[in-house]
Amino acid sequence: ALELHWPMTGLNAASLALSARTTLGGIDRRNRERIYDSMIGLNVRDLAHQSFAKLSGGQQQRLLLAGAMAADPRILVLDEPTEGLDVRSQQALLALLRGMTAQGLCTVIISHEVQDLMYLADCVAWLHPAETAGEASHVEILPPAELAERVVRLRQGV
């Protein structure tokens with residue numbers, strides 16, 4: 001969680017991931033350009049100089065993700081990445097993640113949105129809760145199409 005009472009701009013918030021890797025937390029021109037490029041990819045470049053605390057939750061989420069992506073991670077773990085985003089922003093984010101995955105980024109996504117998983121995932125780990133208290137949950141590895149079929153059957157009561 002970020003302390004929203006700090007006078008932080010969108011660029012400051014997006015810079016957190018890269019500044020954690022540098023001496024004294026400084027961001028040089030090259031890294032700032034990488035952050036701006038990621039912000040453009042997530043359609044939040046215009047928020048760079050606005051107060052981070054005054055932005056919507058979806059805008060804040062996209063700025064933080066832009067910063068994480070600018071850090072050029074090998075593995076990116078996202079929890080409900082499309083939550084709080086409008087349809088256009090969801091599509092842009094998913095397309096960006098798909099492109100980055102095609103370029104070799106390993107993406108782990110926790111989501112209840114089956115359509116997001118269908119679009120992005122090579123395989124899905126479906127967590128099934130334990131039947132009784134004290135037992136362990138179990139995980140089933142499925143191709144995305146099979147997950148979709150099962151979800152449809154569950155919703156139809158079959």
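The model is predicted. Its protein chain contains 7 helices and 4 strands, which follow one another from the N terminus as α-α-α-α-β-α-β-α-β-β-α. Taken along the principal axes, the C-alpha atoms fill a box of roughly 55 × 35 × 30 Å. Helix 4 takes part in two of the contacts described below, with helix 3 and with helix 5.

**Packing of helix 3 with helix 4**

- Two packed helices are described by the angle between their axes and the distance between the axes.
- For helix 3 (residues 29-41) and helix 4 (residues 57-70), the axes come within 8 Å and the crossing angle is roughly 130 degrees.
- Helix 3 is therefore oblique to helix 4.
- The crossing in which helix 3 passes helix 4 is right-handed.
- Helix 3 contributes Arg34, Ile35, Ser38 and Met39 to this contact, while helix 4 contributes Leu63, Ala66, Met69 and Ala70.
- Sorted by class, the contact of helix 3 with helix 4 comprises 6 nonpolar, 1 polar and 1 charged residues.

**Packing of helix 4 with helix 5**

- The axes of helix 4 and helix 5 come within 13 Å and cross at roughly 10 degrees.
- Because angles under 35 degrees count as roughly parallel, helix 4 and helix 5 are roughly parallel to each other.
- Helix 4 passes helix 5 in a crossing that is left-handed.
- On the helix 4 side the contact is made by Arg62, Leu65 and Met69, and on the helix 5 side by Ser89, Leu93, Leu96, Leu97 and Met100.
- The class composition of the contact of helix 4 with helix 5 is 6 nonpolar, 1 polar and 1 charged residues.
- Met69 of helix 4 is named in the contact with helix 3 and also in the contact with helix 5.

**Largest pocket**

- The volume of the largest pocket is about 760 Å³.
- Its lining consists of 25 residues, and those nearest the centre of the pocket are Ile109, Ser111, Leu117, Val124 and Ala125.
- At least two lining residues come from each of helix 5 (87-102), strand 2 (106-110), helix 6 (114-120), strand 3 (124-128) and helix 7 (144-156).
- Strand 2 gives the most to this lining, supplying 5 residues.
- The lining of the largest pocket has 19 nonpolar, 4 polar and 2 charged residues.

**Second largest pocket**

- The second largest pocket has a volume of about 160 Å³.
- Gln61, Leu64, Leu65, Ala68, Leu76, Val77, Leu78, Asp79 and Pro81 line the second largest pocket.
- Helix 4 and strand 1 (75-79) are the elements that give two or more residues to the lining of the second largest pocket.
- By class, this lining is made up of 7 nonpolar, 1 polar and 1 charged residues.
- Leu65 belongs to the lining of the second largest pocket and to the contact of helix 4 with helix 5.

**Ile109 and its surroundings**

- Ile109 lies in strand 2 and is one of the residues nearest the centre of the largest pocket.
- Ile109 and Leu78 are 31 residues apart along the chain, yet their C-alpha atoms are separated by 4.9 Å.
- Leaving aside residues up to four places away in sequence, Ile109 touches Leu78, Pro81, Leu97, Leu117 and Leu120.
- Among these partners, Leu78 and Pro81 line the second largest pocket, Leu97 takes part in the contact of helix 4 with helix 5, and Leu117 is among the residues nearest the centre of the largest pocket.

Definitions and conventions: Residues numbered from 1 in each chain as written. Predicted model: local features only at pLDDT ≥ 70, side-chain atom pairs only at ≥ 80, totals over all residues. Heavy atoms only, no water. Axes fitted to C-alpha atoms, helices over the stretch in contact; angles between N-to-C directions. Parallel < 35°, antiparallel > 145°, perpendicular 65-115°, else oblique. Left-handed = near helix turned anticlockwise from the far one by under 90°. Contact = heavy atoms within 4.5 Å. Nonpolar A, V, L, I, M, F, W, Y, C, P; charged D, E, K, R; others polar. 1 Å grid on protein atoms, 1.4 Å probe; cavity = no way out; pocket = protein on both sides within 12 Å on 5 of 7 lines; lining within 4 Å. Points joined across faces, edges and corners; volume = space filled by probe spheres on them.
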